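Subject: Structure for you to look at

Hello,

Please find the structure below. Have it open while you read the notes that follow.

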Amino acid sequence: MDNYRAITISPVLSKIFQNCFLSRFGSYFVTSDLQCGFKYKVGSNDALSVLCNTVEYVTSNCSTVSIASLDMAKAFDNVNHYALFLKLMKRQVPVCFIRLLADWYGKVFACVKWGHCLSKLVQLRTGVCQGGILSPVLVAVYVNDIITNLKCSGYGCQVASKYIGGNNVC
């Protein structure tokens with residue numbers, strides 16, 4: 001059962017609306033430059049490169065490296081809507097947009113199709129729409145506090161005065 005995922009088909013009009021909204025209000029969704037996932041023109045290859053270069057740098061200076069990772073494989077499916085809305089409020093996103101998202105995600109339902117039969121509708125209370133223009137941006141905002149809190153924690157390292165994962169004062 002864990003391998004099945006609901007797929008939301010977003011109409012073209014919805015994608016145009018999300019794109020327009022993002023171009024108008026994109027400044028509210030800026031995330032840490034340490035975040036490689038769910039961002040435009042940045043991805044897992046960038047994160048892997050930083051990781052490899054950091055490990056090489058630290059081990060070449062006769063130190064050991066301990067690595068912690070977070071599995072974000074089902075991040076889109078597990079976004080808690082209320083927590084997301086609170087994070088958006090904290091960023092002072094216009095209330096009208098938060099209400100729009102709350103209304104939009106409050107009306108997301110799924111069913112299972114088997115052959116020609118459909119199950120009853122079930123309301124989806126978590127997650128963002130796969131394939132939506134705003135979805136990666138919302139997931140990035142949702143997980144950004146993890147990176148920010150780690151940066152403030154004092155754990156991690158700096159390479160050539162660039163923070164890689166800790167030891168900074170916030």
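I start with the pocket. The largest pocket holds about 1400 Å³ of space. This is a predicted model, and the values in this email are computed from it. In general, rolling a probe the size of a water molecule over the atoms shows where empty space is left.

Which residues lie nearest the centre of the largest pocket? They are Leu 34, Ala 68, Ser 69, Leu 150 and Ile 164, out of 35 residues that line the pocket. The elements that each supply at least two lining residues are α2 (44–60), α5 and β6 (162–163). Of these, α2 gives the largest share of the lining, with 9 residues.

Next, the overall layout. The protein has 5 helices and 6 strands. Along the sequence they follow the pattern α-α-α-α-β-β-β-β-α-β-β. There are 170 residues in the protein, and 28% of them are buried. If you take the contacts between residues at least 6 apart in sequence, 60% of them join residues at least 24 apart.

Now the core. In soluble globular proteins, nonpolar side chains tend to be buried together. Here the largest nonpolar core has 22 residues. Those with the most contacts inside the core are Phe 29, Leu 88, Phe 97, Leu 101, Tyr 105, Val 128 and Leu 138. Two or more core residues come from each of α1 (12–25), α3 (81–90), α4 (95–105) and α5 (135–153).

Apart from its neighbours within four places in sequence, Val 128 is in contact with Phe 76, Val 79, Tyr 105, Ser 135, Leu 138 and Val 139.

The aromatic rings come next. The count of aromatic pairs is 8. In one of them, the ring centres of Phe 21 and Phe 97 are 3.7 Å apart and the planes are at 20 degrees, so this pair is stacked. Planes under 30 degrees apart count as stacked. Phe 21 is in helix α1 and Phe 97 is in helix α4, so the pair ties together parts that are 76 residues apart in sequence. Are Phe 21 and Phe 97 buried or exposed? Both are buried.

Another pair is made by Trp 104 and Tyr 105. Their ring centres are 6.2 Å apart and their planes are at 15 degrees, so this pair is stacked too. Trp 104 has a relative accessibility of 26% and therefore counts as partly exposed. Tyr 105 has 5% and therefore counts as buried. The cut-off for buried is under 20%.

Phe 21, Phe 97, Trp 104 and Tyr 105 belong to one aromatic cluster, which also includes Phe 17, Phe 25, Tyr 28 and Phe 29.

Arg 24 lies over the face of Phe 25, at 4.9 Å from the ring centre. The charged end of Lys 87 sits over the ring of Tyr 142, 5.7 Å from its centre.

Two loop residues have backbone angles worth a look. Most residues other than glycine have a negative phi. Cys 62 is not a glycine, yet its phi is positive, at about 60 degrees. Cys 62 is in the loop between α2 and α3, and it counts as exposed because its relative accessibility is 74%. Gln 92 is not a glycine either, and it has a positive phi of about 60 degrees. Gln 92 is in the loop between α3 and α4 and is exposed, with a relative accessible area of 63%.

Finally, here are two helix residues. Tyr 82 is in helix α3 and is exposed, with a relative accessible area of 64%. Tyr 82 and Ala 102 are 20 residues apart in sequence, and their C-alpha atoms are 8.4 Å apart in space.

Asn 144 is in helix α5. With a relative accessible area of 7%, Asn 144 is buried. Which residues is Asn 144 in contact with, leaving aside its neighbours within four places in sequence? They are Thr 31, Ser 32, Gln 35 and Arg 91.

Regards

Definitions and conventions. Residues numbered from 1 in each chain as written. Predicted model: local features only at pLDDT ≥ 70, side-chain atom pairs only at ≥ 80, totals over all residues. Heavy atoms only, no water. Core = buried A, V, L, I, M, F, W, Y, C linked by side-chain atoms within 4.5 Å. Buried < 20%, exposed > 50% of the residue type's maximum accessible area, 1.4 Å probe, protein only. Helix = DSSP H or I, 4+ residues; strand = E, 2+ residues; numbered from the N terminus. Contact = heavy atoms within 4.5 Å. Phe/Tyr/Trp six-rings, centres within 6.5 Å; stacked < 30°, edge-to-face > 60°. Lys NZ or Arg CZ within 6 Å of the ring centre and 35° of its normal. 1 Å grid on protein atoms, 1.4 Å probe; cavity = no way out; pocket = protein on both sides within 12 Å on 5 of 7 lines; lining within 4 Å. Points joined across faces, edges and corners; volume = space filled by probe spheres on them.
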